[in-house]
Amino acid sequence: MVAQFRMTPDILSDAVWRQVFSEIEAEVPAMRASIQSVFAACEAIRGQMDVKTGSISTASATALYALVRHVKPRTVFEIGTFIGKSTLSMAKAMDAAGIDGTIFTCDGSNAFLVPVQETKAKIVGYPKTMSTEALRQVADTGAKIDFMHLDGRMNDEDMEIIAQIADPRVVVAIDDFEAAEKGVINFARMRKHPFFAKHVLVNPPRTTLCRELDFISTSTTAVMAPLTSFAFVAQPFW
Ligand SMILES: C[S@@+](CC[C@H](N)C(=O)[O-])C[C@H]1O[C@@H](n2cnc3c(N)ncnc32)[C@H](O)[C@@H]1O
C-alpha cells in the first residue's frame with residue numbers, strides 16, 4: 001500500500017495566505033495607509049476611463065501586496081490596468097521590499113492614467129493595447145517575467161508568448177477566481193499548457209481569514225505557484 005496525503009487548492013489556500021499575511025504583519029498599519037492613499041488617487045481618474053468597469057477590493061489589494069512582498073519579483077506583467085489599484089498595490093510592495101523592478105501593464109480599452117507618482121517602482125503602461133500586443137512588445141525588450149497579475153481575459157496566443165518569456169518559476173495571481181468568472185477561464189487556459197504542468201493552484205483567501213484580518217471586503221485572488229516553491233519545514237519562520 002502507498003500512503004498518499006492529498007493537498008487540495010483549498011488546503012493550500014490556508015497554508016499560503018496565512019504565511020504571506022503573517023510575513024507582513026509588522027507593516028500592516030503602514031501598508032493600509034499606503035493602500036488607502038493609492039486607492040483615493042486611483043479613484044480620482046475613474047471618470048476619465050473610456051470603458052468603466054470594476055476594480056479590485058481592499059482585501060485583494062492586500063493579498064497582491066503580501067504575495068509580491070513574498071515573491072520579490074523584478075519583472076511583473078499585468079493584464080488589465082484600468083484605474084491602477086492592482087498595479088500600485090504591487091508597486092508599493094516592491095517599494096517596501098526595496099526591489100528596483102518593473103511592472104508592465106496593459107489595458108485594451110483604456111488610456112494609461114495610473115498615478116505613478118505614488119510609487120518608486122518603474123511602471124510601463126501599454127494603453128489601449130491588448131495583452132497579445134503588449135506581451136510581444138515586452139518580449140522585444142528581452143525581459144523575463146517572474147510575476148503576473150491577470151485581471152483581464154487572456155487568450156491562447158498570450159499563453160504561447162508567456163511560455164517563451166516567463167521564468168519557469170513564475171508566480172501568477174489570478175483575479176476573479178470564482179464561479180464562471182474570467183479568473184476561472186484564465187486558469188483553465190493556463191492549466192492545459194505544458195508550461196504550467198508543474199504549477200499548482202492556490203484558492204483565494206477564505207472569507208473567514210479576511211475577517212480575521214479585519215477586512216469587510218473579500219478577495220477573489222487565486223495563485224498559480226510552481227511546485228518547487230513548496231517546502232516541508234519544522235517552523236514557519238526563518
Ligand atoms: C477588472 S478591470 C481591471 C481592474 C484593475 N486591475 C484595477 O485594479 O483597477 C479589467 C480591465 O482589463 C481590460 N482587459 C480585459 N482583457 C484584456 C486583454 N486581453 N488585454 C488588455 N486589457 C484587457 C479591460 O479593458 C478592463 O479595463
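User: Leaving aside neighbours within four places in sequence, which residues is D175 in contact with?
Analyst: D175 is in contact with I56, S60, H149, L150, D151, G183, T220 and T221. Contact means heavy atoms within 4.5 Å.

User: What sort of model is this, and how are residues numbered?
Analyst: This is a predicted model, in which local features need pLDDT of at least 70, side-chain atom pairs count only at pLDDT 80 or more, and totals for chains, interfaces and linings use all residues. Residues are numbered from 1 along each chain as its sequence is written, and side-chain values use heavy atoms, with hydrogens and water left out.

User: Back to D175. Where does it lie?
Analyst: D175 lies in the loop between β5 (166-174) and α7 (182-191). Helices (H or I, at least four residues) and strands (E, at least two) are DSSP runs, numbered from the N terminus.

User: Which side chain does D175 join in a polar contact?
Analyst: The side chain of T220, at 3.2 Å. A polar contact is a pair of N or O atoms within 3.5 Å; within protein, one must be able to donate a hydrogen and the other to accept it, and residues adjacent in sequence count only if both atoms are side-chain atoms.

User: And K182, what is the side chain that meets it in a salt bridge?
Analyst: D176, with 2.3 Å from N to O. K182 itself counts as buried, at 11% relative accessibility.

User: What is phi of D176?
Analyst: Near 60°, a positive value in a residue other than glycine. Most residues other than glycine have a negative phi. D176 is found in the loop between β5 and α7. D214 also has a positive phi, near 70°. D214 is found in the loop between α8 (207-212) and β7, and counts as exposed at 63% relative accessibility.

User: Switching to the ligand. Which residues come nearest?
Analyst: S55, S86, D107, D151 and R153, out of 23 residues around the ligand. A residue is near a molecule or strand if one of its heavy atoms lies within 4 Å of it.

User: How far is a ligand oxygen from the side chain of D107?
Analyst: An oxygen atom of the ligand is 2.7 Å from an N or O atom in the D107 side chain. A ligand oxygen is also 3.5 Å from a polar backbone atom of K85. On D151, a polar side-chain atom lies 2.8 Å from a ligand nitrogen.

User: How much of the ligand does the protein bury?
Analyst: Taken alone, the ligand exposes 610 Å², and the protein buries 90% of that. Accessible areas come from the Shrake-Rupley method with a 1.4 Å probe; for residues, only the protein chains shown count as cover.

User: How many salt bridges does a search of the whole structure find?
Analyst: It finds 14. Among them is E27 with R69, the closest N and O atoms being 2.8 Å apart. That pair links distant parts of the chain: E27 is in the loop between α1 (9-23) and α2 (28-43), R69 is in helix α3 (residues 58-71), and they are 42 residues apart. R69 counts as buried at 18% relative accessibility.

User: With which residue does D156 form a salt bridge?
Analyst: With R189, the closest N and O atoms being 3.0 Å apart. D156 lies in helix α6 (residues 156-165) and R189 in helix α7, so the pair ties together parts 33 residues apart in sequence. D156 is partly exposed, with a relative accessible area of 38%; R189 counts as partly exposed at 22%.

User: Which residues are linked in a network of salt bridges?
Analyst: D10, D14 and R206.

User: Last one, A222: where is its place?
Analyst: A222 is in strand β7 (residues 222-226), and is buried with a relative accessible area of 0%. Not counting residues up to four places away in sequence, A222 touches V172, A173, I174, F177, L201, V202, N203 and P204.

Key. Buried < 20%, exposed > 50% of the residue type's maximum accessible area, 1.4 Å probe, protein only. Salt bridge = Lys/Arg side-chain N within 4 Å of Asp/Glu carboxyl O.
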